[in-house]
Protein chains: 4
Amino acid sequence: MNSFGRIFKVTIFGESHGESVGLNIDGCPAGLPLTVEDFLVDIERRKGGTQKGTTPRKEDDLPIFKSGLFNNKTTGAPLTILFENKNTRSGDYEKQRAVPRPGHADFVAHQKFGGHEDYRGGGHFSGRLTVSLVAAGVIAKKLLGDAKVTASILEIGGEKDLEKGLQNAIDHKDSIGGIVECRVTGLPAGLGEPFFDSAESLISHAVFAIPAIRGIEFGTGFAAARMYGSEHNDAIEDMTGKTRTNHAGGIVGGITNGNELVFRIAVKPTSSTPKEQHTLNWETGEQESFSVKGRHDLCIALRVPVVLEAVTAMVLADLLLLEQRLKRLF
Amino acid sequence: MNSFGRIFKVTIFGESHGESVGLNIDGCPAGLPLTVEDFLVDIERRKGGTQKGTTPRKEDDLPIFKSGLFNNKTTGAPLTILFENKNTRSGDYEKQRAVPRPGHADFVAHQKFGGHEDYRGGGHFSGRLTVSLVAAGVIAKKLLGDAKVTASILEIGGEKDLEKGLQNAIDHKDSIGGIVECRVTGLPAGLGEPFFDSAESLISHAVFAIPAIRGIEFGTGFAAARMYGSEHNDAIEDMTGKTRTNHAGGIVGGITNGNELVFRIAVKPTSSTPKEQHTLNWETGEQESFSVKGRHDLCIALRVPVVLEAVTAMVLADLLLLEQRLKRLF
Amino acid sequence: MNSFGRIFKVTIFGESHGESVGLNIDGCPAGLPLTVEDFLVDIERRKGGTQKGTTPRKEDDLPIFKSGLFNNKTTGAPLTILFENKNTRSGDYEKQRAVPRPGHADFVAHQKFGGHEDYRGGGHFSGRLTVSLVAAGVIAKKLLGDAKVTASILEIGGEKDLEKGLQNAIDHKDSIGGIVECRVTGLPAGLGEPFFDSAESLISHAVFAIPAIRGIEFGTGFAAARMYGSEHNDAIEDMTGKTRTNHAGGIVGGITNGNELVFRIAVKPTSSTPKEQHTLNWETGEQESFSVKGRHDLCIALRVPVVLEAVTAMVLADLLLLEQRLKRLF
Amino acid sequence: MNSFGRIFKVTIFGESHGESVGLNIDGCPAGLPLTVEDFLVDIERRKGGTQKGTTPRKEDDLPIFKSGLFNNKTTGAPLTILFENKNTRSGDYEKQRAVPRPGHADFVAHQKFGGHEDYRGGGHFSGRLTVSLVAAGVIAKKLLGDAKVTASILEIGGEKDLEKGLQNAIDHKDSIGGIVECRVTGLPAGLGEPFFDSAESLISHAVFAIPAIRGIEFGTGFAAARMYGSEHNDAIEDMTGKTRTNHAGGIVGGITNGNELVFRIAVKPTSSTPKEQHTLNWETGEQESFSVKGRHDLCIALRVPVVLEAVTAMVLADLLLLEQRLKRLF
C-alpha cells in the first residue's frame, strides 16, 4: 500500500514529527554508483526554502544509507535510506487534536486508523514524505540512460508570471495553487501496456501519490475533448515513429511512441492558509473557527516540480527494467 | 500487466477479431447471485448502437460463464466469462497492415510486440475489450452495497447540447471527443491510502485503462489551481465528515472522506475519422494518405459512461473488500 | 490467489464438473510458436489412462485457444486456453453432499466458501485442474532454452519396483502414494533471491499447488540433517561453479549455482480408496461409513511427474525472464 | 523480491557487516500495542549465545523504531525497525574475497550481482538477517489471537538427545544439522487457497527464506508416501472438523481444517566447519584448502526454532487478515 513498482519497487515510510522519514528500494540493479552528493541538488530543489512563498522550515536532509550500498555502489540488495527529522515543533499541533483542519487529512486519518494515527504535523500524511519520493527519483533518474525528465511550473494562482501570482497571494493573505508540466525526452517506444498498466495509468497512479494534486492531463489533455479527430491525430513522419504534431503527448494505446512525453498536473492551493477557516471540533461537536499559525507554504506548487520528476522517473525506470526482459526473445 | 486489483483482481483478455474477449476475476466473494440478466443493461449501454454517432457493429454480447459460478451464485473460485466475437470483418484491416493509422496503437503495438501482435481491428488494443471491463463492473457494482456509481456526459465536441455537438461532427465529416463525469454516492470514509495507493491513484490507474482518455480531474480539478486556499478548502460540518462544499471531490489525503466522490475525464475524438489522414507506409517508407472506411464511432465518448462506471466500481469494490479486513481489530 | 509468477503470470480456473477448466498467462513473450500439437505429449502423460492404477476417465483434453495466439504464435497479449469437460457424471457426488470424504477438501471448502462452493467432483479443488498446470508447463518449457526439466517416480507405496508397489495396492484393495524426483539440467547460476524469493521458496510454493503433496526436499534433503558439515559441503571445482558433489541440489543461498537442480516430493496415497471409511454426516451430525465407488486413481503419484515438471518449468521461466532484465546493466 | 505477504507485507534489508539490518511492515493494523520489551524474549532465543554450539558473537539487538509507532501503538502507517550492527570484524572476510566458501552463497552472490555484492560476512546473505524475521514474527504473533505457534528441535546430528548430538560434533570438530518441528494450535478452518496459495505453498515459501533449510514436510510428510489411503485419511469426528488422527497436519486441499497445524523442516549442517575444506580461488583458478577460523555456530539448527515460528506467524497473520475480509459477506 505504501509501495510502488513491479521491478524497481519503492516503499516510503515515516512521519512528519517522528524520528525520520525514509525509503526502501527493492529491485535496484547492482553496480549503480551512488553517493550523498547525488542527492543534494534535488533535495535542495524540494526545499524551496529561499523562494517567496515556501516555508522557512529547514532540514539538512542528507540521506543516510542503511543498507544496500557498498563501496559507493548499489549491491543489488534492498537499499534503505533515512532522512532524520531534526526541526520539529510538535506543540503546534497537539492542542488542535480535536479540530480537523479543512483540506487536510486529519479527519480521514482519524476515520481510517481509528485514532491511532500519529497526528503531529500530519504524521504519515505529511508533505515531509515527499523527501522520500525525491530520493527515489534521484536513483531512478540514474537508471534512465538517455531519457531526461524535466518538470517546470506553468502558472501560479492563474498567472503565468509567477512572481505576480505569488505577490497576489501574499497581498490577499491567502494560499494559492498552480499548474506544473513534465516533459521526458529520449524515451524509447514500447513502454507500457494496452489496458491496466498503460503508461498513463502508471504515471497517474504515481503522480496522485504527491499530496495536493487534483488533476492530470496528457498531451493536449482536456482540450482534446474539443478537437476534431483530424486535428488531434498525430501524423507519423518516419520509421522511428516521430510524429508531426504531439497531441498524444508521447503515448498511444497506453504505450510510449518514441516522441516526447508531455503531461500537466493541477496543484490545489495549500490547505493551510493564513485566512480564518471554519471546521468542526469533534470533542465538542461544535463549529469552530481558527487560522493556521505554523510554518507553511503559501504555494505548495513551487515545491512540486522536483517531486513530479521523481515519481515520473520511478515509473519509467520500472518500465525500462521490465521491458528489457522481453525484448527480442524471438 | 493485464490485471488490476489486490483482492478483487480482474484480468481482461481477447482480441477484436479473435475468437472472443473475456475476463477472469480472482477474489470475488462466494455467494454473490449472478445471472446473464444482470449484464444486459450495462452491456446494452456500452453498445450505444441506436445513438447517432456510434458504430453499427453489433454483437449479441451475452456473457458465457466458464468457471466460478454454480447454481447462479459465485463460488469463491475464479470466475471466467467469455464474450464471443461474431461479427468480424478482418478483410478491412489486413490490407492496411503496413500503414499505421494515426492516433491508433498500430505503430506502438508493432514496436512492442515485434510484429507478432494480432493487428486485425486493433487486436488486443481494440475498444472491443471494454466489454470485459463493463462485465467486471457489473459484478463490482453488486459488491458496493449502498454506494451508487453514475457517469454521464457533460459535453460533446465542446457543446453541452449533445445533439448539437454530434450534428456538428456529422456536418464536418469528422470525429469528436467529450467530457464525462462520474459521481459516487454512499461511500464510507476511509478508503484509499496516503501515498501510492491513494484513492485518486487507483481510480486514475483504472480510468486510463479505458482507451482514448486524455485527462482526469477530481473535484474542482484544474480549476483548483486558480483558487485561493480559503475558497477551496471544504469546511467540515458534522461528525460524519460532511462538508459544506465539495471542492475536494470526496477525497482528502488520498482517502475518501464520506462525501460524494466526483471526477471528470476528457475523451479524445475518435482516432478513426472519415477525413483524409496522412501517415507512413512502413514497407515503402513513404508518406501515404488514406481515409477510414470501416465501421467506427464518430464520438467514442458516447460509449464511455458505462465503462467509466465499471472501472470505478472495480476500484471501489477492491478498496471496500480491503478495508473490511482491518476495521476495528483493536 | 489463483495466480502465480511475477512476469510469466499463470492463473488457473475451472471446476471438475463445470463447463471447462483453463488458464490465462499474462506476460508470455510475443513470438513463441505454439500449436495444439505442442500439448499432446504432456497432456497424454498426465492422463495416465492406460497404466494400472489410474482412473479410466478420459477427456480428449485438446487445448482451445481463446486469446493471445495469432498465426500460431503468441502475440504478447494474455493467452487464454480452455479444456472442455466432456465426461462428467455429477450424480455420483450430489447424493453425498453432506458427507465430507476424509482426506478430501469437502469439509474445508464448505467452511471457506460458506456452502457456495461447486461440490461436484471436488469442484475447483479437483485434480482435474492439473490439466491447466500441465498446459502452463508446456509453454514454460518452451521458454527455458537449454534447461531441461525431467521428473520421474522413485518409488510407489514404498517399493522401488513400481509394478510391485501397484500390485500390492490392488491386492490390498487400497490406495497408495509415492516419491517423485525432479531434475533440471542446463540452468544458469544466479536465479532466485536471498530470502523470501529463494529458488526453493518459489519452487516449493508452486509444488504445493499440486494436490496431494506432503513434503519436498532439495539435494540431500532430510538426510542433510544427519550429515557433518564437511561431508555436506560441495567443493567448487571450476570457474563455472561446478561442484564435486551436489548435496545442495543446485541451490545455495537461495540462488541456483549452475549445477543440476534436484529435489524430491512425497505424494500421499489417493484419498479416495475402495476401503470402507468413516466420516461425519453434517446434516445428521452422526458418524457414517462409506466407500468410494466413483472413478478414481489407486495411486495419484503416477500422474504427478508431468505436473511436477510443469510447475517447476513455470517457476524457472519466470526467474529466467526476471533475471534477464537486470543482467549486465553496469 | 525481499518482501513477503499480501496484506501484512514484510520487507527485510541489511547486511551482516553493514550499518544495520532491519525490516519494514506495510499493512500492520493500527492500534497494536508494541514496545521494545515485546521483542526481548524472541530476540534472545535467536541468539542462542549461551548454548553449546552457538557462536559467541553478541549484539544487544534492541529494536529501534523508525516509523509507524506512536504512543507505543502501531499507527497503521508503515512500521520500520532497525537493529544496529555493533560487533563486526570485517577483516576476517576481506582477505578471503576470491575464495568462495563451500556451502555459502559467496559464489552465487558474485554471479548474480556481478561482483557488486557486499561480501563481508556474507553481506545480505548472512544469517544475521534472521533477526529481521524474528522481529516480524514478534509482531505477527500478536496478531494471531488464540493461535499459538511453537517450534522445537526434534533431533540434532541424528540424535534425539540433543546434548549427545552436539557433543558428537564437538568431538568430531565438525558442524551438524537437525530437524525442527513447528506446531500451531487454535487456528480456524478456512485459511489458504486451493492451488497456488495453498497454506502449504505459503508456509514453505516463507520457511525456505530461512537459510540452511533443505526440506519441509507436513503432517506425516514423506512417510505418507508409504502409507495406504485407508491408513492416512483422517476421519472427521465432529462438526468443528476435528479429526481422529492428524496425518494431514491440519491442512487439506490447501486449506487449514481447524486441527493442529504440524510440519517439520530439515536444517543442514552449518556450512562453516572447523574441518579443512576445499574450494576454488577464482583469481588464481586453483584449488585451495582452508578452514574457517571466525565465529560460527556448530549447529545452526539450535537457533532455528524461533525463526521458524516467526515466518510461520507471518504467513498466518497475513492469511487471517486476508480471510477476515471475505467472511460472511452473503
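In the hairpin formed by strand 14 and strand 15 of chain B, four residues lie between the strands, and G285(B) has a positive phi near 75°. Please bear in mind that this is a predicted model. As an example of the pairing, Q277(B) stands opposite F290(B) in strand 15 of chain B.

Let us move to chain C. Which residues are buried in helix 1 of chain C? Helix 1 of chain C covers residues 37–47, and its buried residues include F39(C), I43(C) and R46(C). These three lie on the same side of the helix, because the arc they cover around the axis is only 50°. On the face of helix 1 of chain C turned away from the buried side, we find the exposed residues E37(C) and V41(C). After the helix comes G48(C), with a positive phi near 55°.

I now come to the contacts between chains, beginning with chains A and B. How many residues does the contact take from chain A and from chain B? It takes 85 residues from chain A and 85 residues from chain B. Among the elements of chain A that give two or more residues to the side touching chain B are helix 3 (106–113), strand 9 (178–185) and helix 6 (199–207). That side of chain A divides into 36 nonpolar, 35 polar and 14 charged residues. Strand 10 of chain A and strand 10 of chain B, residues 213–218, run antiparallel and are joined by three bridges. Within this pairing, I216(A) stands opposite I216(B).

Finally, consider chains C and D. Here 85 residues of chain C are in contact with 85 residues of chain D. The elements of chain C that give two or more residues to the side touching chain D include strand 10 (213–218), helix 7 (229–232) and strand 13 (261–267). The residues on that side of chain C comprise 36 nonpolar, 36 polar and 13 charged. Strand 10 of chain C pairs with strand 10 of chain D, residues 213–218, in the antiparallel sense over three bridges. G215(C) has E217(D) as its bridge partner in strand 10 of chain D.

Thank you for your attention.

How values were computed: Residues numbered from 1 in each chain as written. Chains lettered and ligands numbered in written order. Predicted model: local features only at pLDDT ≥ 70, side-chain atom pairs only at ≥ 80, totals over all residues. Buried ≥ 20, exposed ≤ 12 C-beta atoms within 10 Å, placed from the backbone. Arc of directions from axis to C-beta. Contact = placed C-beta atoms within 7 Å. Nonpolar A, V, L, I, M, F, W, Y, C, P; charged D, E, K, R; others polar. Pairing = 2+ DSSP bridges.
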